[in-house]
Amino acid sequence: MSTGSPRVLPAEGDLTEAASVLRTGGLVAFPTETVYGLGANALDARAAARIFEAKARPSFDPLITHLADAADLEALVGVVPAGVAALAERFWPGPLTLIVDRPEAIPPIVTSGLATMAVRVPDNEYARQLIATAGVPVAAPSANRFGQLSPTRAEHVVRGLGGAVDVVLDGGPTRCGIESTIVDARGDRPVVLRLGALPVEEVERFTGPVTVRQGSSGQPVAPGTLAAHYAPRTPLRLRDVGAPPVEDGVRRGYLAFRDRPAGGWAAVEVLSTAGDLTEAAARLFEALHRLDAAGVTEIVAEPVPERGVGRAVNDRLRRAAATWHPAG
Ligand code: TXA
Ligand code: MG
(Lines give C-alpha, C1' and ligand atoms only; values in the text may rest on other atoms or scores of the structure.)
(Ligands and ions follow the chains in the order given, each with its own letter.)
Protein backbone atom coordinates (compact mmCIF):
# COMPACT_ATOMS: atom_id res chain seq x y z
CA MET A 1 0.00 0.00 0.00
CA SER A 2 1.18 3.53 -0.71
CA THR A 3 2.06 5.91 2.04
CA GLY A 4 0.44 9.31 2.32
CA SER A 5 -3.11 10.12 1.47
CA PRO A 6 -4.80 11.78 -1.47
CA ARG A 7 -6.89 14.93 -1.30
CA VAL A 8 -10.52 13.94 -1.08
CA LEU A 9 -12.88 16.46 -2.65
CA PRO A 10 -16.68 16.36 -2.79
CA ALA A 11 -17.81 15.47 -6.31
CA GLU A 12 -20.74 17.86 -6.11
CA GLY A 13 -18.36 20.80 -5.59
CA ASP A 14 -16.30 22.79 -8.07
CA LEU A 15 -14.52 20.36 -10.42
CA THR A 16 -12.10 22.91 -11.92
CA GLU A 17 -9.22 21.90 -9.69
CA ALA A 18 -9.62 18.15 -10.19
CA ALA A 19 -9.93 18.76 -13.94
CA SER A 20 -6.72 20.75 -13.99
CA VAL A 21 -4.87 18.01 -12.03
CA LEU A 22 -6.04 15.60 -14.75
CA ARG A 23 -5.05 17.85 -17.60
CA THR A 24 -1.57 18.42 -16.20
CA GLY A 25 -0.67 14.75 -15.82
CA GLY A 26 -2.02 13.92 -12.35
CA LEU A 27 -4.20 11.02 -11.23
CA VAL A 28 -7.80 11.67 -10.20
CA ALA A 29 -10.07 8.93 -8.91
CA PHE A 30 -13.70 9.59 -9.71
CA PRO A 31 -17.08 7.89 -9.36
CA THR A 32 -18.80 6.32 -12.34
CA GLU A 33 -22.12 4.44 -12.32
CA THR A 34 -20.17 1.14 -12.18
CA VAL A 35 -17.13 1.48 -9.90
CA TYR A 36 -14.63 4.24 -9.09
CA GLY A 37 -12.12 4.86 -11.86
CA LEU A 38 -8.47 5.93 -11.57
CA GLY A 39 -8.25 8.61 -14.23
CA ALA A 40 -5.39 10.10 -16.20
CA ASN A 41 -5.21 12.23 -19.34
CA ALA A 42 -5.47 9.61 -22.11
CA LEU A 43 -3.50 11.82 -24.51
CA ASP A 44 -0.51 11.87 -22.15
CA ALA A 45 1.67 8.74 -22.14
CA ARG A 46 3.44 9.71 -18.91
CA ALA A 47 0.17 10.25 -17.09
CA ALA A 48 -1.09 6.87 -18.30
CA ALA A 49 2.16 5.28 -17.12
CA ARG A 50 1.41 6.57 -13.62
CA ILE A 51 -1.83 4.54 -13.61
CA PHE A 52 0.06 1.30 -14.20
CA GLU A 53 2.51 2.27 -11.44
CA ALA A 54 -0.17 3.25 -8.91
CA LYS A 55 -2.14 0.04 -9.47
CA ALA A 56 0.90 -2.22 -9.84
CA ARG A 57 -0.90 -3.24 -13.03
CA PRO A 58 0.92 -5.31 -15.64
CA SER A 59 1.60 -3.32 -18.79
CA PHE A 60 -0.19 -5.91 -20.96
CA ASP A 61 -3.57 -4.96 -19.47
CA PRO A 62 -5.06 -2.09 -21.53
CA LEU A 63 -7.11 0.78 -20.13
CA ILE A 64 -10.61 2.00 -20.97
CA THR A 65 -10.82 5.55 -22.34
CA HIS A 66 -13.72 7.59 -20.96
CA LEU A 67 -15.48 10.37 -22.86
CA ALA A 68 -17.90 13.05 -21.64
CA ASP A 69 -20.30 12.63 -24.52
CA ALA A 70 -21.08 10.08 -27.23
CA ALA A 71 -20.52 12.79 -29.85
CA ASP A 72 -16.86 12.96 -28.77
CA LEU A 73 -16.21 9.45 -30.12
CA GLU A 74 -16.32 10.42 -33.75
CA ALA A 75 -14.17 13.46 -33.06
CA LEU A 76 -11.55 11.22 -31.44
CA VAL A 77 -11.49 8.21 -33.77
CA GLY A 78 -12.91 9.45 -37.04
CA VAL A 79 -15.02 6.79 -38.71
CA VAL A 80 -17.00 4.66 -36.24
CA PRO A 81 -18.18 1.22 -37.45
CA ALA A 82 -21.99 1.12 -37.81
CA GLY A 83 -22.49 -1.60 -35.20
CA VAL A 84 -20.45 0.34 -32.66
CA ALA A 85 -22.24 3.61 -33.40
CA ALA A 86 -25.64 1.95 -32.99
CA LEU A 87 -24.77 0.47 -29.58
CA ALA A 88 -23.24 3.77 -28.44
CA GLU A 89 -26.36 5.63 -29.44
CA ARG A 90 -28.60 3.15 -27.65
CA PHE A 91 -26.66 2.60 -24.42
CA TRP A 92 -24.44 5.65 -23.78
CA PRO A 93 -24.13 7.16 -21.30
CA GLY A 94 -24.13 3.78 -19.58
CA PRO A 95 -22.22 0.72 -18.40
CA LEU A 96 -21.16 -0.46 -21.85
CA THR A 97 -17.57 -0.38 -23.16
CA LEU A 98 -17.05 -0.62 -26.92
CA ILE A 99 -14.02 -1.54 -28.98
CA VAL A 100 -12.75 0.72 -31.77
CA ASP A 101 -9.46 1.17 -33.64
CA ARG A 102 -6.93 3.10 -31.58
CA PRO A 103 -6.62 6.62 -32.96
CA GLU A 104 -3.19 8.25 -33.43
CA ALA A 105 -3.90 10.73 -30.64
CA ILE A 106 -4.03 7.97 -28.01
CA PRO A 107 -0.53 6.78 -27.07
CA PRO A 108 0.02 3.00 -27.33
CA ILE A 109 0.63 2.63 -23.58
CA VAL A 110 -3.10 3.28 -23.01
CA THR A 111 -4.04 0.25 -25.10
CA SER A 112 -0.99 -1.80 -24.06
CA GLY A 113 0.15 -1.72 -27.64
CA LEU A 114 -3.12 -3.11 -29.06
CA ALA A 115 -4.37 -1.69 -32.35
CA THR A 116 -7.78 -1.37 -30.71
CA MET A 117 -9.06 0.85 -27.90
CA ALA A 118 -11.81 0.29 -25.35
CA VAL A 119 -14.03 3.34 -24.83
CA ARG A 120 -17.15 4.36 -22.94
CA VAL A 121 -19.27 7.30 -21.75
CA PRO A 122 -20.08 6.80 -18.06
CA ASP A 123 -23.58 7.49 -16.76
CA ASN A 124 -22.49 9.63 -13.84
CA GLU A 125 -22.90 13.40 -13.90
CA TYR A 126 -19.74 14.08 -11.88
CA ALA A 127 -17.64 11.85 -14.12
CA ARG A 128 -18.92 13.46 -17.30
CA GLN A 129 -18.54 16.97 -15.89
CA LEU A 130 -14.99 16.19 -14.80
CA ILE A 131 -14.05 14.86 -18.23
CA ALA A 132 -15.76 17.74 -20.02
CA THR A 133 -14.04 20.31 -17.82
CA ALA A 134 -10.64 18.65 -18.30
CA GLY A 135 -11.31 18.77 -22.04
CA VAL A 136 -9.38 15.54 -22.70
CA PRO A 137 -10.34 11.87 -22.97
CA VAL A 138 -9.66 10.13 -19.66
CA ALA A 139 -8.05 6.70 -19.38
CA ALA A 140 -9.39 4.99 -16.27
CA PRO A 141 -9.23 1.46 -14.95
CA SER A 142 -11.02 0.58 -11.74
CA ALA A 143 -9.30 2.43 -8.89
CA ASN A 144 -7.94 -0.58 -7.02
CA ARG A 145 -4.60 -2.30 -6.90
CA PHE A 146 -4.29 -4.93 -9.62
CA GLY A 147 -6.25 -8.11 -8.94
CA GLN A 148 -8.02 -6.74 -5.87
CA LEU A 149 -11.64 -5.78 -5.25
CA SER A 150 -13.02 -2.90 -7.28
CA PRO A 151 -13.93 0.19 -5.27
CA THR A 152 -17.57 1.25 -5.00
CA ARG A 153 -16.93 4.04 -2.49
CA ALA A 154 -14.34 6.82 -2.19
CA GLU A 155 -13.01 5.32 1.05
CA HIS A 156 -12.23 2.04 -0.75
CA VAL A 157 -9.98 4.04 -3.10
CA VAL A 158 -8.27 5.89 -0.26
CA ARG A 159 -7.67 2.65 1.62
CA GLY A 160 -6.41 0.77 -1.42
CA LEU A 161 -4.31 3.34 -3.28
CA GLY A 162 -3.45 5.95 -0.63
CA GLY A 163 -1.07 8.68 -1.77
CA ALA A 164 -0.48 7.01 -5.14
CA VAL A 165 -3.47 9.03 -6.36
CA ASP A 166 -3.49 12.85 -6.24
CA VAL A 167 -7.20 13.56 -5.84
CA VAL A 168 -10.22 11.39 -5.00
CA LEU A 169 -13.62 12.81 -5.91
CA ASP A 170 -16.17 11.50 -3.44
CA GLY A 171 -19.50 11.03 -5.16
CA GLY A 172 -20.94 8.48 -2.72
CA PRO A 173 -21.56 4.79 -3.44
CA THR A 174 -21.72 3.80 -7.11
CA ARG A 175 -25.10 2.81 -8.55
CA CYS A 176 -24.31 -0.43 -10.43
CA GLY A 177 -21.44 -1.66 -8.28
CA ILE A 178 -19.98 -3.88 -10.97
CA GLU A 179 -17.85 -2.99 -14.01
CA SER A 180 -19.12 -2.21 -17.49
CA THR A 181 -19.96 -4.88 -20.04
CA ILE A 182 -17.33 -4.94 -22.82
CA VAL A 183 -18.61 -5.60 -26.35
CA ASP A 184 -16.71 -5.78 -29.61
CA ALA A 185 -19.35 -4.75 -32.16
CA ARG A 186 -17.05 -4.12 -35.10
CA GLY A 187 -18.04 -7.30 -36.91
CA ASP A 188 -21.33 -8.86 -38.01
CA ARG A 189 -22.13 -10.48 -34.70
CA PRO A 190 -21.28 -8.64 -31.47
CA VAL A 191 -18.86 -10.38 -29.11
CA VAL A 192 -19.11 -9.89 -25.36
CA LEU A 193 -15.55 -9.77 -23.99
CA ARG A 194 -16.48 -9.14 -20.35
CA LEU A 195 -19.80 -9.67 -18.58
CA GLY A 196 -20.79 -6.56 -16.67
CA ALA A 197 -23.44 -4.18 -15.43
CA LEU A 198 -25.35 -4.09 -18.72
CA PRO A 199 -27.01 -7.51 -18.97
CA VAL A 200 -26.22 -9.53 -22.11
CA GLU A 201 -29.98 -10.01 -22.58
CA GLU A 202 -30.41 -6.24 -22.99
CA VAL A 203 -27.68 -6.07 -25.59
CA GLU A 204 -29.24 -9.00 -27.45
CA ARG A 205 -32.69 -7.45 -27.44
CA PHE A 206 -31.14 -4.62 -29.39
CA THR A 207 -28.60 -6.40 -31.62
CA GLY A 208 -29.87 -9.95 -31.93
CA PRO A 209 -27.74 -12.91 -30.80
CA VAL A 210 -24.25 -12.19 -29.49
CA THR A 211 -21.29 -14.41 -28.76
CA VAL A 212 -20.05 -14.45 -25.17
CA ARG A 213 -16.34 -15.09 -25.34
CA GLN A 214 -14.70 -14.68 -22.02
CA GLY A 215 -11.06 -14.80 -21.14
CA SER A 216 -9.27 -17.10 -18.78
CA SER A 217 -5.82 -16.79 -17.31
CA GLY A 218 -4.38 -18.58 -20.31
CA GLN A 219 -5.83 -16.64 -23.21
CA PRO A 220 -7.60 -13.51 -22.05
CA VAL A 221 -9.81 -11.92 -24.73
CA ALA A 222 -10.24 -8.70 -22.78
CA PRO A 223 -6.65 -8.89 -21.57
CA GLY A 224 -7.61 -7.89 -18.02
CA THR A 225 -10.13 -10.69 -17.55
CA LEU A 226 -7.69 -13.06 -15.96
CA ALA A 227 -9.24 -15.95 -14.10
CA ALA A 228 -7.69 -14.87 -10.83
CA HIS A 229 -9.06 -11.37 -10.36
CA TYR A 230 -11.40 -9.16 -8.36
CA ALA A 231 -10.23 -10.93 -5.22
CA PRO A 232 -10.58 -10.04 -1.58
CA ARG A 233 -7.46 -10.59 0.54
CA THR A 234 -9.26 -13.36 2.42
CA PRO A 235 -9.44 -16.68 0.51
CA LEU A 236 -12.85 -17.07 -1.10
CA ARG A 237 -14.55 -20.24 -2.20
CA LEU A 238 -17.85 -20.88 -3.89
CA ARG A 239 -20.30 -22.86 -1.82
CA ASP A 240 -21.42 -26.19 -3.20
CA VAL A 241 -25.16 -25.87 -3.45
CA GLY A 242 -26.87 -27.70 -0.61
CA ALA A 243 -23.66 -28.42 1.31
CA PRO A 244 -24.16 -28.12 5.08
CA PRO A 245 -22.00 -25.61 6.99
CA VAL A 246 -18.84 -27.16 8.40
CA GLU A 247 -18.43 -26.96 12.17
CA ASP A 248 -14.68 -27.10 12.61
CA GLY A 249 -14.03 -23.96 14.64
CA VAL A 250 -12.65 -22.00 11.69
CA ARG A 251 -13.99 -18.42 11.50
CA ARG A 252 -15.72 -18.14 8.16
CA GLY A 253 -17.65 -15.35 6.51
CA TYR A 254 -20.66 -16.08 4.32
CA LEU A 255 -21.88 -14.17 1.28
CA ALA A 256 -25.54 -14.96 0.64
CA PHE A 257 -27.83 -13.93 -2.19
CA ARG A 258 -31.21 -13.46 -0.47
CA ASP A 259 -31.56 -15.74 2.55
CA ARG A 260 -29.56 -15.61 5.75
CA PRO A 261 -27.79 -18.99 6.06
CA ALA A 262 -28.20 -21.29 9.03
CA GLY A 263 -25.14 -22.19 11.05
CA GLY A 264 -22.39 -20.49 12.95
CA TRP A 265 -20.84 -18.10 10.45
CA ALA A 266 -18.57 -15.46 11.99
CA ALA A 267 -19.90 -12.80 9.60
CA VAL A 268 -22.74 -12.82 7.11
CA GLU A 269 -23.56 -10.47 4.23
CA VAL A 270 -26.87 -10.79 2.37
CA LEU A 271 -26.80 -9.16 -1.08
CA SER A 272 -30.53 -8.62 -1.56
CA THR A 273 -33.27 -9.76 0.80
CA ALA A 274 -35.72 -8.97 -2.02
CA GLY A 275 -33.85 -11.34 -4.34
CA ASP A 276 -33.14 -8.48 -6.74
CA LEU A 277 -30.11 -9.08 -8.97
CA THR A 278 -29.48 -5.39 -9.67
CA GLU A 279 -29.36 -4.69 -5.94
CA ALA A 280 -27.10 -7.72 -5.46
CA ALA A 281 -24.66 -6.44 -8.09
CA ALA A 282 -24.66 -2.98 -6.56
CA ARG A 283 -23.75 -4.43 -3.16
CA LEU A 284 -21.33 -7.20 -4.23
CA PHE A 285 -17.93 -5.50 -3.89
CA GLU A 286 -19.03 -3.55 -0.84
CA ALA A 287 -20.11 -6.78 0.90
CA LEU A 288 -16.80 -8.42 -0.04
CA HIS A 289 -14.86 -5.40 1.26
CA ARG A 290 -16.72 -5.79 4.58
CA LEU A 291 -16.20 -9.55 4.82
CA ASP A 292 -12.54 -8.95 4.04
CA ALA A 293 -12.34 -6.60 7.01
CA ALA A 294 -14.23 -8.94 9.36
CA GLY A 295 -11.20 -10.95 10.47
CA VAL A 296 -12.37 -14.27 9.01
CA THR A 297 -10.07 -16.99 7.70
CA GLU A 298 -12.19 -17.79 4.69
CA ILE A 299 -15.16 -16.39 2.79
CA VAL A 300 -17.76 -18.80 1.46
CA ALA A 301 -19.87 -17.31 -1.32
CA GLU A 302 -23.14 -18.52 -2.74
CA PRO A 303 -23.68 -18.08 -6.50
CA VAL A 304 -26.69 -15.96 -7.54
CA PRO A 305 -29.21 -16.88 -10.27
CA GLU A 306 -27.39 -17.04 -13.61
CA ARG A 307 -29.42 -14.45 -15.53
CA GLY A 308 -29.25 -10.72 -16.26
CA VAL A 309 -26.58 -8.95 -14.25
CA GLY A 310 -26.42 -12.09 -12.09
CA ARG A 311 -24.14 -13.57 -14.74
CA ALA A 312 -21.60 -10.80 -14.11
CA VAL A 313 -21.91 -11.29 -10.33
CA ASN A 314 -21.17 -15.02 -10.67
CA ASP A 315 -18.32 -14.24 -13.05
CA ARG A 316 -16.68 -11.98 -10.43
CA LEU A 317 -17.22 -14.61 -7.70
CA ARG A 318 -15.65 -17.33 -9.83
CA ARG A 319 -12.65 -15.13 -10.57
CA ALA A 320 -12.25 -14.24 -6.90
CA ALA A 321 -12.42 -17.95 -6.05
CA ALA A 322 -9.78 -18.77 -8.67
CA THR A 323 -7.06 -17.18 -6.53
CA TRP A 324 -7.84 -19.57 -3.68
CA HIS A 325 -5.55 -22.52 -3.32
CA PRO A 326 -6.42 -24.92 -0.53
CA ALA A 327 -3.41 -25.85 1.58
CA GLY A 328 -1.94 -29.15 0.46
O1 TXA B 1 -16.91 -0.07 -15.47
C2 TXA B 1 -15.77 -0.02 -15.92
O3 TXA B 1 -15.48 -0.43 -17.05
C4 TXA B 1 -14.68 0.58 -15.01
C5 TXA B 1 -14.97 2.08 -14.85
C6 TXA B 1 -13.88 2.80 -14.08
O7 TXA B 1 -15.21 2.65 -16.09
N8 TXA B 1 -13.38 0.37 -15.56
C9 TXA B 1 -12.79 -0.86 -15.57
O10 TXA B 1 -11.49 -0.84 -16.02
O11 TXA B 1 -13.33 -1.87 -15.19
P12 TXA B 1 -10.47 -2.05 -15.82
O13 TXA B 1 -9.16 -1.52 -16.25
O14 TXA B 1 -10.55 -2.55 -14.44
O15 TXA B 1 -10.90 -3.10 -16.86
C16 TXA B 1 -10.71 -2.82 -18.22
C17 TXA B 1 -10.94 -4.03 -19.04
C18 TXA B 1 -9.80 -5.03 -18.90
O19 TXA B 1 -10.33 -6.32 -18.79
C20 TXA B 1 -9.05 -4.84 -20.21
O21 TXA B 1 -8.36 -5.98 -20.57
C22 TXA B 1 -10.21 -4.56 -21.16
O23 TXA B 1 -10.99 -3.67 -20.40
N24 TXA B 1 -9.75 -3.86 -22.36
C25 TXA B 1 -9.19 -2.65 -22.46
N26 TXA B 1 -8.87 -2.36 -23.73
C27 TXA B 1 -9.23 -3.42 -24.47
C28 TXA B 1 -9.18 -3.73 -25.87
N29 TXA B 1 -8.65 -2.90 -26.76
N30 TXA B 1 -9.67 -4.93 -26.28
C31 TXA B 1 -10.21 -5.79 -25.39
N32 TXA B 1 -10.29 -5.55 -24.05
C33 TXA B 1 -9.82 -4.38 -23.60
MG1 MG C 1 -10.41 -3.63 -12.72
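Q: How are two packed helices described, and at what angle do the axes of H8 and H9 cross?

A: Two packed helices are described by the angle between their axes and the distance between the axes. In this predicted model, the axes of helix H8, residues 277-292, and helix H9 come within 9 Å and cross at roughly 30°. Angles under 35 degrees count as roughly parallel, and therefore H8 is called roughly parallel to H9. The crossing in which H8 passes H9 is left-handed.

Q: Which residues of H8 and H9 meet there?

A: From H8 come Leu 277, Ala 281, Leu 284 and Phe 285, and they meet Gly 310, Val 313, Arg 316 and Leu 317 of H9. Sorted by class, this contact of H8 with H9 holds six nonpolar residues, one polar residue and one charged residue.

Q: What angle do H1 and H5 make where they pack?

A: Helix H1, residues 16-23, packs on H5 at an angle of about 60°, and their axes are 8 Å apart. Because an angle of this kind falls in the oblique class, H1 is described as oblique to H5, and H1 passes H5 in a right-handed crossing. On the side of H1 the contact is made by Thr 16, Ala 18, Ala 19, Leu 22 and Arg 23, while H5 contributes Leu 130, Thr 133 and Ala 134. The residues of this contact of H1 with H5 divide into five nonpolar, two polar and one charged.

Q: Is Leu 130 buried or exposed, and which residues does Leu 130 touch?

A: To read burial, one looks at the relative accessible area, where under 20% means buried. Leu 130, which is placed in helix H5, residues 125-134, has 0% relative accessibility and therefore counts as buried. Leaving aside residues up to four places away in sequence, Leu 130 touches Leu 15, Ala 18, Ala 19, Leu 22, Val 28, Phe 30 and Leu 169.

Q: What surrounds Asn 314, and is Asn 314 buried or exposed?

A: Asn 314 lies in helix H9, residues 310-321, and counts as buried because its relative accessibility is 4%. A polar atom of the Asn 314 side chain lies 2.7 Å from the backbone oxygen of Val 304. If residues up to four places away in sequence are not counted, Asn 314 touches Pro 303, Val 304, Pro 305 and Glu 306.

Q: Which residues have a positive phi although they are not glycine?

A: Here one reads the backbone rather than the side chains, and Ala 56 is one of the cases, with a positive phi of about 55°. Ala 56 is placed in the loop between helix H2, residues 45-55, and strand E4, residues 64-66. Its relative accessibility of 43% is the reason why Ala 56 counts as partly exposed. Ser 112, which is not a glycine either, has a positive phi of about 55° and lies in the loop between E5 and strand E6, residues 116-120.

Q: Where does a cis peptide bond occur?

A: The angle to read for a peptide bond is omega, and it is about -10° for the cis peptide bond that joins Trp 92 and Pro 93. Pro 93 has its place in the loop between helix H4, residues 82-91, and strand E5, residues 96-101.

Technical notes
Residues numbered from 1 in each chain as written. Chains lettered and ligands numbered in written order. Predicted model: local features only at pLDDT ≥ 70, side-chain atom pairs only at ≥ 80, totals over all residues. Heavy atoms only, no water. Helix = DSSP H or I, 4+ residues; strand = E, 2+ residues; numbered from the N terminus. Buried < 20%, exposed > 50% of the residue type's maximum accessible area, 1.4 Å probe, protein only. Polar contact = N/O pair within 3.5 Å; in protein donor to acceptor, adjacent residues only side chain to side chain. Contact = heavy atoms within 4.5 Å. Axes fitted to C-alpha atoms, helices over the stretch in contact; angles between N-to-C directions. Parallel < 35°, antiparallel > 145°, perpendicular 65-115°, else oblique. Left-handed = near helix turned anticlockwise from the far one by under 90°. Nonpolar A, V, L, I, M, F, W, Y, C, P; charged D, E, K, R; others polar.
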